[in-house]
Amino acid sequence: MKVRLADYCIRCGICEDLYPDLFKRNYENHCIDILYDEIPEELQDRMRQAQADCAVAAILIED
């Protein structure tokens, strides 16, 4: 599973607050980083939940 953040992400940080095992705020580049290039199978359900919890639906699952 590959995931990206849409350009309209508002960087509110709820993804990092709820899912620190998947996301980290990048203060240097003013963005949120996804901690994996490819989401491990054991974290895919958590990523789907993170997508559902995103305030602006900016977490995009690509496959």
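**Inside the cavity**

Sorted by class, the residues lining the largest cavity come out as 11 nonpolar, 1 polar and 1 charged. Keep in mind that you're looking at a predicted model. A search through the whole structure turns up 1 cavity of 30 Å³ or more, and the volume of the largest cavity is about 100 Å³. There are 13 lining residues, and those closest to the cavity centre are Cys9, Cys12, Ile14, Cys15 and Cys54.

How many disulfides does the structure hold? The count is 0. Cysteine 12 isn't in a disulfide either, with the nearest cysteine sulfur, from cysteine 54, 6.4 Å away.

As for solvent, cysteine 9 is buried, at a relative accessible area of 15%. Cysteine 12 counts as partly exposed, at 43% relative accessibility.

Now hop over to helix 2, which covers residues 44-53 and includes glutamine 44. Is glutamine 44 buried or exposed? Its relative accessibility is 16%, so it counts as buried, given that the cut-off is under 20%. What does its side chain reach? The side chain of glutamine 44 gets to the backbone oxygen of isoleucine 39, at 3.2 Å. Leaving aside residues up to four places away in sequence, glutamine 44 touches Met1 as well as Ile39.

Notes: Residues numbered from 1 in each chain as written. Predicted model: local features only at pLDDT ≥ 70, side-chain atom pairs only at ≥ 80, totals over all residues. Heavy atoms only, no water. 1 Å grid on protein atoms, 1.4 Å probe; cavity = no way out; pocket = protein on both sides within 12 Å on 5 of 7 lines; lining within 4 Å. Points joined across faces, edges and corners; volume = space filled by probe spheres on them. Nonpolar A, V, L, I, M, F, W, Y, C, P; charged D, E, K, R; others polar. Disulfide = S-S within 2.5 Å. Buried < 20%, exposed > 50% of the residue type's maximum accessible area, 1.4 Å probe, protein only. Helix = DSSP H or I, 4+ residues; strand = E, 2+ residues; numbered from the N terminus. Polar contact = N/O pair within 3.5 Å; in protein donor to acceptor, adjacent residues only side chain to side chain. Contact = heavy atoms within 4.5 Å.
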